Amino acid sequence: MFDGRKVRRHKNRHRIVAAMLELVRAGAISPRAEEVAERAGVGLRTVFRHFDDMDSLYREMADAMRRELQPLVSAPLGSPYWNGKLDEMVLRRAVLFERAMPFKNAADVHRHRSPFLRKDYETMRAAERDALEAALPAALRKNREFFEALDQALSFSTWQHLRRDQKLTQDQARQTVEFAVRALVAASAN
């Protein structure tokens with residue numbers, strides 16, 4: 001009997017997280033606990049039995065997204081040349097950011113109230129910057145103006161702005177980022 005309850009508890013928790021992910025993927029920026037419970041097919045009390053608050057549910061959702069995106073994030077860049085690595089980075093981030101955008105948009109709504117989401121955002125930004133630093137030769141890393149401009153061009157916030165605010169297609173946004181990166185690289189050569 002105890003094992004059955006443990007299995008059911010685990011399945012319910014998984015269903016709740018899956019429901020939250022589905023709702024956010026479908027465009028719900030801030031799903032209510034009632035919506036999550038309904039989508040998961042569990043009672044509202046079950047949601048709060050598994051998660052003290054919506055922040056803990058966002059934590060679980062972030063962990064699920066990290067597991068899903070980790071193979072793309074951790075795959076090494078193939079080019080032996082720094083400018084080839086930048087080209088690969090643009091393509092990879094376009095795919096990565098597009099997949100993460102619904103979840104990032106949802107997290108942004110709650111980040112000001114959530115120490116976890118603030119820390120998660122800072123960790124993501126640090127990883128983006130570290131990856132960029134690793135791709136560049138030392139001379140370009142030391143050029144702070146170039147590095148900061150390139151970091152902004154390759155950031156999730158730029159992608160979000162192009163897709164959400166400027167309403168560019170995924171392909172148009174990628175081309176815009178490619179253009180900005182090429183322009184910055186050309187300017188750094190002068």
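Contact here means heavy atoms within 4.5 Å. Helices (H or I, at least four residues) and strands (E, at least two) are DSSP runs, numbered from the N terminus. By these criteria, the buried residues of α10 pack against α5 (82-110), α8 (144-153) and α9 (156-165). The structure is a predicted model, in which local features need pLDDT of at least 70 and side-chain atom pairs count only at pLDDT 80 or more, whereas totals for chains, interfaces and linings use all residues. Residues are numbered from 1 along each chain as its sequence is written, and side-chain values use heavy atoms, with hydrogens and water left out.

**Overall architecture**

- The protein chain contains 10 helices and 0 strands.
- The C-alpha trace spans about 70 × 35 × 25 Å along its principal axes.
- Of the 190 residues, 37% count as buried; buried means under 20% relative accessible area, exposed over 50%, and partly exposed in between (1.4 Å probe, protein chains only).
- Among contacts with a separation of 6 or more, 63% are between residues 24 or more positions apart.

**Helix α10**

- Helix α10 covers residues 170-189, and its 20 residues should span 28 Å at 1.5 Å a residue; the end C-alpha atoms are 29 Å apart, which agrees. The expected span is 1.5 Å times one less than the number of residues.
- Ala-173, Arg-174, Val-177 and Val-181 are the buried residues of α10. Viewed down the axis of α10, these buried residues fall within an arc of 100 degrees, so they line one face of the helix; the arc is that of the directions from the helix axis to the C-beta atoms.
- An α-helix has 3.6 residues a turn, so residues three or four places apart point the same way.
- Phe-179, Arg-182 and Ala-189 are exposed on the other side of α10.

**Packing of α9 on α10**

- The two helices α9 and α10 pack at an angle of about 135 degrees, with their axes 9 Å apart. Axes are lines fitted to C-alpha atoms, for helices over the stretch in contact, and angles run from 0 to 180 degrees between N-to-C directions.
- α9 and α10 are therefore oblique to each other; angles under 35 degrees count as roughly parallel, over 145 as roughly antiparallel, 65 to 115 as roughly perpendicular and the rest as oblique.
- On the α9 side, Thr-158, Trp-159, Leu-162 and Arg-163 meet Gln-170, Ala-173, Arg-174, Thr-176 and Val-177 of α10.
- The loop between α9 and α10 holds Lys-167, which has a positive phi of about 60 degrees although it is not a glycine. Lys-167 is exposed, with a relative accessible area of 66%.

- Asn-83 is located in helix α5 and is partly exposed, with a relative accessible area of 41%.
- Asn-83 and Val-181 are 98 residues apart in sequence and 9.6 Å apart in space, C-alpha to C-alpha.
- α5 and helix α6 (residues 115-135) pack at an angle of about 175 degrees, with axes 11 Å apart. That makes α5 roughly antiparallel to α6.
- Residues making this contact include Trp-82, Leu-86, Met-89 and Phe-97 of α5, and Leu-117, Tyr-121 and Met-124 of α6.

**Helix α2**

- Ala-33, Val-36, Ala-37 and Ala-40 are buried in helix α2 (residues 33-40). Seen down the axis of α2, its buried residues lie within an arc of 100 degrees, so they line one face of the helix.
- Gly-41 follows α2 and has a positive phi, near 75 degrees.
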